[in-house]
Number of protein chains: 2
Amino acid sequence: MNSFQTLSEGSVTSPAGFTAVAVAAGIKKENQLDLALVVSQTDCRCAAMFTKNQVVAAPVIVDRETLAANNSRLRAVVINSKNANACTGETGLANARATQQAAAEALGCTANQILVLSTGVIGVQLPMEKLAAGIAVGAKGLSADNGRLAAEAIMTTDTRPKRLAVQVELPGGTVTIGGMAKGAGMIHPNMATMLAVLTTDAAIAPDILDGLLKTAVNLSFNRISIDGDTSTNDTIFLLANGASGTAVADPDSLAQFGEALNHLCTALAHMIVRDGEGATKFVEIQVTGAHSEADAHQIANTIAISPLVKTAFAGSDANWGRLLMAAGRAGVVFDQSQINLWIGAQQADELQLVANGTPTAYQEKDAAAVFARPEFKILLDVGSGGEGTAVVWTTDLSHDYVSINADYRT
Amino acid sequence: MNSFQTLSEGSVTSPAGFTAVAVAAGIKKENQLDLALVVSQTDCRCAAMFTKNQVVAAPVIVDRETLAANNSRLRAVVINSKNANACTGETGLANARATQQAAAEALGCTANQILVLSTGVIGVQLPMEKLAAGIAVGAKGLSADNGRLAAEAIMTTDTRPKRLAVQVELPGGTVTIGGMAKGAGMIHPNMATMLAVLTTDAAIAPDILDGLLKTAVNLSFNRISIDGDTSTNDTIFLLANGASGTAVADPDSLAQFGEALNHLCTALAHMIVRDGEGATKFVEIQVTGAHSEADAHQIANTIAISPLVKTAFAGSDANWGRLLMAAGRAGVVFDQSQINLWIGAQQADELQLVANGTPTAYQEKDAAAVFARPEFKILLDVGSGGEGTAVVWTTDLSHDYVSINADYRT
């Protein structure tokens with residue numbers, strides 16, 4: 001039994017003391033929501049993880065600086081969509097800092113209490129007048145009811161908002177964790193064009209908060225892959241304001257809170273995969289029998305990003321040769337005569353396709369029936385005799401993916 | 001001036017002493033060519049390179065064994081399309097050896113003088129009766145006129161045969177190098193579902209032959225990328241029978257022969273890219289200013305395999321943000337504020353898009369005009385101040401790629 005409760009209508013404003021607002025600031029066309037503010041009524045601690053790409057957007061640089069100077073008195077996150085503020089040079093950095101300043105003035109705090117996030121097209125300067133005006137207007141509309149709208153405002157090619165909250169009954173009282181994310185394209189382990197803001201009213205020490213976020217991200221956002229590309233902007237924040245009055249410090253509370261946070265992040269990560277650009281399939285790939293978890297993860301990832309595998313998913317073609325081909329190019333040594341492969345709709349081990357490196361006498365129609373499902377599982381044991389195992393979640397590569405990305409800027 | 005002459009109608013039978021045949025053995029449907037033999041009238045030396053995939057097809061295992069025992073008395077290569085003889089276990093190995101035996105009997109030599117190559121679907125056993133019958137029939141039809149037909153017989157999803165020859169006037173006499181290749185999908189550095197057979201009538205010592213092939217492959221087949229996937233079957237052979245009576249041993253001859261071989265391999269590699277599955281663009285990506293050639297190659301490759309980059313090519317969208325994003329995730333450290341990027345139709349440096357990490361004042365229509373070309377060049381200087389430079393050639397990721405690979409087995 002889970003020790004937490006899922007709030008399916010929950011959002012970043014489900015935890016006590018958080019408000020939000022969504023604004024049509026005019027960065028997108030046609031009066032669409034394109035700006036969100038998530039604000040805590042009191043100072044927050046903040047754990048953060050950023051893209052590992054060498055090319056990073058201005059907000060990533062500015063937020064790293066901000067958090068290095070202050071990770072315990074944060075007040076708000078300003079997020080715009082449609083424009084990534086990446087490859088924008090000194091002007092882009094100045095714009096990110098001006099965004100902090102505009103929010104600080106509107107909210108009555110200092111610039112180093114503001115974090116900024118941007119997502120969208122690369123290489124175009126932010127329309128600062130519109131953005132500043134949007135922030136000023138937005139600051140007057142903050143409400144605990146607006147968490148769901150905020151999740152809409154951060155969408156780019158996403159087709160639906162991604163948000164959720166979980167509630168945990170700890171010995172010291174009830175705490176809530178809320179979250180929202182945007183994804184859709186450029187999704188890959190190490191976070192991809194992915195922005196996520198998590199909020200909680202628990203009181204948590206900074207180093208513990210960091211550890212909890214790292215664990216949760218490693219089990220969730222770092223296990224999903226849509227196209228293998230990673231982004232210049234990926235960022236995830238976990239803000240904790242302590243407004244519940246309940247501390248997470250003892251081992252039992254930590255375990256329970258961690259479990260709930262992992263669940264929230266995994267649920268958001270799955271929403272990102274299901275809403276992957278052009279995605280028609282949700283596929284879980286589990287690799288076992290590797291020498292280490294890192295090896296298993298590497299193999300599972302290589303399968304997940306293979307265009308030949310992903311087009312086979314799109315065609316509902318149980319072309320397992322491509323799964324083995326992709327595993328074989330992962331850079332991990334194994335013995336092909338020890339490979340076993342299963343697929344399944346409910347359980348991963350329903351139908352064995354490969355036994356000790358050679359095809360079983362399975363019926364093609366049974367395999368095709370599994371691959372025709374909108375959701376199925378693959379289990380590959382590489383037979384190295386180790387305990388290394390890893391799961392990743394991915395999608396197919398469809399005609400719509402090509403259409404969306406060939407015409408993205410038009 | 002080149003010291004060699006290109007024979008545009010040339011093939012593996014252009015060099016003296018080589019014959020070939022193409023047969024419809026019934027492995028493909030509808031009487032299509034699916035079997036080729038390339039035969040030398042005298043013993044050959046052979047240099048070989050194989051896939052680095054952990055999962056390798058039976059012919060790769062058998063050829064490695066054969067060449068370990070005998071790399072100086074080879075007589076023939078038997079190549080079938082439509083069936084890869086991969087993931088076929090002990091039966092597959094026995095079938096590869098039986099193919100050697102059948103060819104040895106038909107040609108009047110021993111089994112360890114025969115090399116075998118297969119390409120096509122994974123996990124299905126070869127139809128040995130058809131194959132053996134095809135070899136027996138084929139051995140009676142060998143001719144020096146059949147090199148071009150042989151290039152047709154090895155096609156799978158290729159839309160056209162890939163073959164060429166070059167002729168070099170050396171101080172000691174004229175030598176010829178012929179070649180054929182098949183590609184189309186799963187193409188990536190480290191050779192991908194790529195088979196190539198090169199023949200020459202030059203007399204070359206085995207270790208020199210190995211070195212010449214390695215150099216040529218590194219500059220050609222290892223510089224192309226269609227989808228980033230590598231195959232279980234990739235193999236390239238360079239057979240030298242010495243029938244011209246001209247030796248390649250002195251430094252001048254070696255340099256001239258090497259230049260011609262590099263040209264032949266590069267030309268065949270370009271044919272593979274141009275005929276990539278669903279390809280509508282031929283793109284040259286050059287990276288300069290890296291600390292090492294390996295770094296430059298890694299960055300160029302990462303750009304070349306990025307689905308977001310390749311869909312931008314397909315859409316003729318000069319979305320250079322994606323080029324920088326892909327460069328940034330290559331795992332090579334560089335300073336984004338030192339990046340310069342150019343594109344061009346004829347010369348790579350015609351239009352500068354990025355200067356010191358920020359966009360120039362280029363006109364979008366000028367950039368779009370370059371990307372709309374069927375063939376264009378990209379030059380990225382990562383500004384690390386090193387001498388490292390590398391070129392790769394790739395294609396776009398189009399709707400047709402998805403169609404071809406979603407429905408490959410149906």
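**Sheet and contact**

Mentor: Let us start with one pair of residues: B:Q286 has B:V391 as its bridge partner in β16(B). This is a predicted model, in which local features need pLDDT of at least 70 and side-chain atom pairs count only at pLDDT 80 or more, while totals for chains, interfaces and linings use all residues. Residues are numbered from 1 along each chain as its sequence is written, with chains lettered from A and ligands numbered from 1 in the order in which they are written.

Trainee: In which sense do strand β11 and strand β16 of chain B pair?

Mentor: Strands of a sheet pair through backbone hydrogen bonds, either parallel or antiparallel. Here β11 (residues 282-290) and β16 (residues 388-394) of chain B pair in the antiparallel sense, over six bridges; strands are DSSP E runs of at least two residues, and helices H or I runs of at least four, numbered from the N terminus, and two strands pair if DSSP finds at least two bridges between them.

Trainee: What is the order of the strands in the open sheet of chain B?

Mentor: The order is β9-β16-β11-β15-β12-β13-β14, seven strands with mixed pairing, and the edge strands, β9 (224-225) and β14 of chain B, each pair on one side only.

Trainee: How many residues does each chain bring to the contact?

Mentor: Chain B and chain A bring 52 residues each, where contact requires C-beta atoms, placed from the backbone, to lie within 7 Å. On the side of chain B that touches chain A, α9(B) gives the most, with seven residues.

Technical notes:
Contact = placed C-beta atoms within 7 Å.
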